[in-house]
Amino acid sequence: MAGKGVFKEILDGDVFKYYVDGEWRRSCSGQFINVQNPSTRKPMFRVQACTQDEVNRCIDSAKAAQKIWARTPLWKRAEALHRCAAIMKEQKAPIADCLVKEVAKALKDAVVEVVRSGDLLSYTAEEGIRILSEGKFLVSDPFPGNERNKYCLSSKIPLGVILAIPPFNYPVNLAVSKMGPALIAGNAVVLKPPTQGAVSCLHMVHTFHLAGFPKGLISAVTGKGADIGDFLTMHPGINCISFTGGCETGIAISKKAGMIPLQMELGGKDSCIILEDADLELAATNIIKGGFSYSGQRCTAVKVVLAMECIADQLVCKVNAKLAKLTIGMPEDDCDITPVISETSANFIEGLVHDARHKGARLHQEWRREGNLIWPILIDHVRPDMRIAWEEPFGPILPVIRIKTVEEGIHHCNANNFALQGCIFTRSFDKAIMISDAMESGTIQINSAPGRGPDHFPFQVKNFQFTIFTSNKVSKSLR
Ligand SMILES: NC(=O)C1=CN([C@@H]2O[C@H](COP(=O)(O)OP(=O)(O)OC[C@H]3O[C@@H](n4cnc5c(N)ncnc54)[C@H](OP(=O)(O)O)[C@@H]3O)[C@@H](O)[C@H]2O)C=CC1
Ligand SMILES: O=C(O)[C@H](O)COP(=O)(O)O
């Protein structure tokens with residue numbers, strides 16, 4: 001289904017084109033990049049390897065288009081996003097089909113990703129209308145030494161050209177969650193899709209094209225992050241970078257980027273603390289959902305269970321029973337556990353399992369791997385000297401650390417390099433609040449698995465997404 005129907009024009013022979021100036025084009029490089037199917041480990045699609053000149057062209061066009069877009073009335077910008085949302089949802093089947101083939105996401109989850117992205121665009125349009133229509137009015141005399149002789153009006157203005165870099169695991173949704181807020185706020189977007197997920201991204205971009213966004217305002221340049229990444233992130237024409245991906249990549253980009261706002265959504269080692277008074281059935285259900293959905297390849301996946309020793313055996317028994325019911329196989333068959341993204345990733349996961357086993361952890365299931373497909377495992381009796389206690393596996397393996405005190409659990413959670421989310425299971429509301437306060441993580445869920453959605457909930461420690469794409473302008477200072 002990829003490159004068929006309304007998506008015909010994005011394909012040239014067997015290579016997907018890149019998007020610039022409102023057109024789908026072939027790169028002058030004459031070079032292509034293979035996108036692998038993680039299930040078959042064979043090349044599935046081909047995309048253009050764009051050149052630096054082509055990146056320059058995207059940014060120049062974006063600069064010009066943004067000036068006009070920023071003056072386009074807010075209601076018209078919102079209308080365009082609503083149009084795009086409707087088209088995206090109409091086209092959910094072909095876009096989801098790409099997700100199945102290039103990131104091995106189970107079909108039903110792939111459809112949800114596309115629909116959720118359309119809904120997020122509509123929500124963004126609505127929210128943007130409200131947030132961006134507000135400004136501030138200040139008078140001078142509250143500040144010591146001033147008379148009431150100055151007035152200030154401030155309003156939000158766009159930043160300019162936003163570079164959007166999403167990761168492979170939600171290539172559509174995490175691209176849209178950058179593009180929507182950027183566009184409603186009057187910015188232009190240059191999208192660098194992840195290589196695995198590029199074709200889903202290009203299909204999604206075409207829905208913006210079909211919705212009639214101005215030429216040049218949105219572009220999508222394909223190429224390996226390692227090849228064109230630095231050129232993009234260090235480009236003087238970029239006014240803000242919104243990145244989601246691994247910590248190493250994010251930190252490297254932060255060091256190289258210039259004096260521009262950066263939005264970094266990086267890895268997670270989300271802790272799940274289970275107290276002695278927890279509803280263990282509920283906890284086990286959420287550990288399965290949180291730890292193994294999309295084979296653990298979510299930044300919000302439960303990545304370490306910290307269980308009070310007195311209930312740990314009971315909990316592990318319940319989790320094992322549920323884990324045994326997970327279906328393992330291909331994304332086309334809607335299996336719960338599907339192949340992980342690459343051979344490199346599968347090797348990395350295997351390394352973590354071997355390290356834990358070698359150091360004395362107990363594997364409740366046998367290690368089994370066929371290609372990139374890894375059978376889910378609960379790794380019990382994990383200790384801090386094991387890599388799995390700290391590293392993000394991004395796969396269907398979950399460590400359990402038995403703790404004697406709540407403080408021990410909180411300490412492990414906070415000693416972590418990257419606590420993004422976390423969760424607590426207890427029947428005591430007071431304890432839940434006290435512990436969530438002590439956990440140094442962006443979001444804590446109580447009696448529920450970590451998760452980003454609903455997508456209008458804040459997902460960052462301090463910033464609400466719109467703020468990053470605008471700056472405050474003092475429009476007038478009157479005497
Ligand atoms: N906090 C959050 O909200 C989320 C965080 N994540 C995290 O993302 C990671 C998994 O995603 P993954 O795609 O493997 O992450 P990577 O860091 O490998 O890649 C992320 C994106 O960065 C690009 N990239 C790579 N190198 C560069 C570079 N030098 N300059 C610019 N861009 C570059 C990649 O392109 P290419 O593919 O071409 O290399 C890709 O588009 C996990 O750690 C996960 O926790 C995922 C989702 C949400
Ligand atoms: O990569 C991720 O994990 C996503 O951003 C989180 O989305 P989810 O919690 O809805 O799966």
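Let's start at Glu 392. One of its polar side-chain atoms lies 2.6 Å from an oxygen atom of ligand 1. Keep in mind that this is a predicted model. Taken alone, ligand 1 exposes 910 Å². The protein buries 84% of that.

Two further polar contacts belong here. Glu 265 brings an N or O atom of its side chain to 3.4 Å from an oxygen atom of ligand 1. Phe 168 uses its backbone instead: a polar backbone atom there is 3.1 Å from an oxygen atom of ligand 1.

Now the whole shell. How many residues surround ligand 1? The count is 30. Among the closest are Lys 192, Thr 195 and Thr 249. Leu 266 and Glu 392 are also on that list of closest residues. By class, the shell around ligand 1 holds 13 nonpolar residues, twelve polar ones and five charged ones.

Where do these residues come from? Three elements each supply at least two residues of the shell: helix H7 (225-233), strand S12 (240-244) and helix H8 (247-256). Which of the elements gives the largest share? That is H7, with four residues. Step back to the domains. Domain 1 (5-265) and domain 2 (270-446) each give at least three residues to the shell around ligand 1.

On to ligand 2. Find Arg 116 first. An N or O atom in its side chain is 2.7 Å from an oxygen atom of ligand 2. Asn 169 also makes a side-chain contact, with an N or O atom 2.7 Å from an oxygen atom of ligand 2. Then comes Arg 452, where the side-chain N or O atom is 2.8 Å from an oxygen atom of ligand 2. Ligand 2 exposes 310 Å² when taken alone, and the protein buries 94% of that.

Look around those contacts. The residues around ligand 2 also include Tyr 170, Leu 174 and Arg 298. Ligand 2 sits in the second largest pocket.

Why does ligand 2 lie between the two domains? Because domain 1 (5-265) and domain 2 (270-446) both give residues to its shell.

Two backbone details before I stop. First, some background. Most residues other than glycine have a negative phi, and most peptide bonds are trans.

Now look at Gly 453 and Pro 454. A cis peptide bond joins them, with omega at about -5°. Pro 454 is in the loop between strand S22 (443-446) and helix H14 (465-468).

The other detail is Tyr 294. Is its phi positive or negative? Tyr 294 has a positive phi, about 45°, although it is not a glycine.

To recap: the protein buries 84% of the area of ligand 1 and 94% of the area of ligand 2.

Technical notes: Residues numbered from 1 in each chain as written. Chains lettered and ligands numbered in written order. Predicted model: local features only at pLDDT ≥ 70, side-chain atom pairs only at ≥ 80, totals over all residues. Heavy atoms only, no water. Near = heavy atom within 4 Å. Polar contact = N/O pair within 3.5 Å; in protein donor to acceptor, adjacent residues only side chain to side chain. Areas by Shrake-Rupley, 256 points an atom, 1.4 Å probe, with all protein chains shown as cover. Nonpolar A, V, L, I, M, F, W, Y, C, P; charged D, E, K, R; others polar. Domains from an automatic or database assignment. 1 Å grid on protein atoms, 1.4 Å probe; cavity = no way out; pocket = protein on both sides within 12 Å on 5 of 7 lines; lining within 4 Å. Sits in = over half its atoms within 2 Å of the grid points.
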